[in-house]
Amino acid sequence: MSILDEILANKEKEVQHLREFYHPEERQTKEIRDSIFSSFQKAKSMNIIAEIKRASPSKGDIHLHVDPATQAKKYEELGANAISVLTDEAFFKGSMHDLKLVREAVSLPILCKDFIIDEIQIDRAKSVGANIILLIVAALPEKRLKQLHDYAQSSLLDVLVEVHNEAELEIALRIGAKIVGINNRDLKTFRVDLSTTERLTKQMNKENVLIIGESGLKQKSDVERMKLAGVKGILVGETLMKSEDLAGTFKELKLPLE
């Protein structure tokens with residue numbers, strides 16, 4: 001069983017628990033209605049989705065005791081265009097409470113970074129202030145992926161559809177994804193290869209699809225490769241969480257796009 005299989009099996013249990021005990025909270029007031037699609041496409045510098053990530057199966061503990069609100073405020077002040085919050089508890093040691101704290105602290109769009117397999121997770125993410133949800137092509141059958149994609153959009157949420165290879169990209173485009181995240185990390189081996197993004201971007205109309213580069217982006221030269229490939233936004237977690245000079249790291253990663 002792969003780590004993704006383990007995570008999804010655990011998510012099935014979480015969803016069952018939510019169906020029994022979850023009651024929607026009152027929606028947070030800071031709702032960002034403008035899609036990141038247009039703002040990211042028009043930006044003059046690389047858009048950064050700055051991630052709050054306590055741990056991961058591949059890297060272990062990264063910054064276990066981070067204060068999500070404080071970190072989010074730093075990201076906002078330094079020019080982040082959106083914030084991603086890892087909300088999976090069992091494998092990434094995050095929580096929906098982390099997302100709620102971030103929503104109360106900043107006005108940026110927030111991505112709920114989780115393994116979503118059911119509408120109730122989307123409802124919950126929105127209720128605590130998420131503006132964007134993640135759907136992973138490798139985690140869902142195409143029909144279910146389409147259902148959840150359309151449900152999120154009907155709830156006025158952006159959807160970041162994550163792919164790892166050509167076959168997954170074809171599915172993402174078939175279901176109408178307008179925001180596609182290309183993950184450079186192989187889900188089975190955890191090996192990172194930036195050429196994944198360079199290869200897959202050649203198969204997309206970059207005017208109709210907003211491309212987000214994910215994983216392995218640590219320095220200026222990495223971002224330059226993304227820029228040349230037509231990427232307009234990057235999702236950066238570990239590099240920012242471990243940075244001892246956040247201002248310097250942002251300056252290095254936020255390259256001009258023109």
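Residues 24 or more positions apart account for 70% of the contacts in this protein with a separation of 6 or more, where a contact means heavy atoms within 4.5 Å. Before we go further, please note that this is a predicted model, in which local features need pLDDT of at least 70 and side-chain atom pairs count only at pLDDT 80 or more, while totals for chains, interfaces and linings use all residues. Residues are numbered from 1 along each chain as its sequence is written, and side-chain values use heavy atoms, with hydrogens and water left out.

Let's begin with the whole protein. It contains eleven helices and ten strands; these are DSSP runs numbered from the N terminus, with helices being H or I of at least four residues and strands E of at least two. The radius of gyration is 17 Å, close to the 18 Å that the globule rule gives for 258 residues, so the protein is as compact as a globular protein of that length. That radius is taken over C-alpha atoms, and the rule is 2.2 Å times the number of residues to the power 0.38. Along its principal axes, the C-alpha trace spans about 50 × 40 × 35 Å. Of the 258 residues, 53% count as buried. Here buried means under 20% relative accessible area, exposed means over 50%, and partly exposed is in between (1.4 Å probe, protein chains only).

Now find helix α4, residues 96-105. Which of its residues are buried? They are M96, D98, L99, V102, R103 and A105. An α-helix has 3.6 residues a turn, so residues three or four places apart point the same way. The cover over the buried residues of α4 includes the strands β1 (47-52), β4 (82-86) and β5 (110-113), together with the helices α3 (68-77) and α5 (119-127).

At the start of α5, a side-chain oxygen of D118 reaches to within 3.0 Å of the backbone nitrogen of I120. Just after α5, G129 takes a positive phi of about 115°.

Two other residues also have a positive phi. Most residues other than glycine have a negative phi. K93, in the loop between β4 and α4, has a phi near 60° and is partly exposed, with a relative accessible area of 40%. L156 sits in the loop between α6 (142-154) and β7 (158-163); its phi is near 65°, and L156 is exposed at 52%.

Our last stop is S215, in the loop between β9 (210-214) and α9 (220-228). Is S215 buried or exposed? At 14% relative accessibility, S215 counts as buried. Leaving aside residues up to four places away in sequence, S215 touches N183, N184, R185, V192, L194 and L235. With N183, the side chains make a polar contact of 2.7 Å. A polar contact is a pair of N or O atoms within 3.5 Å; within protein, one must be able to donate a hydrogen and the other to accept it, and residues adjacent in sequence count only if both atoms are side-chain atoms. The C-alpha atoms of S215 and V236 are separated by 6.8 Å, although these residues are 21 apart along the chain.
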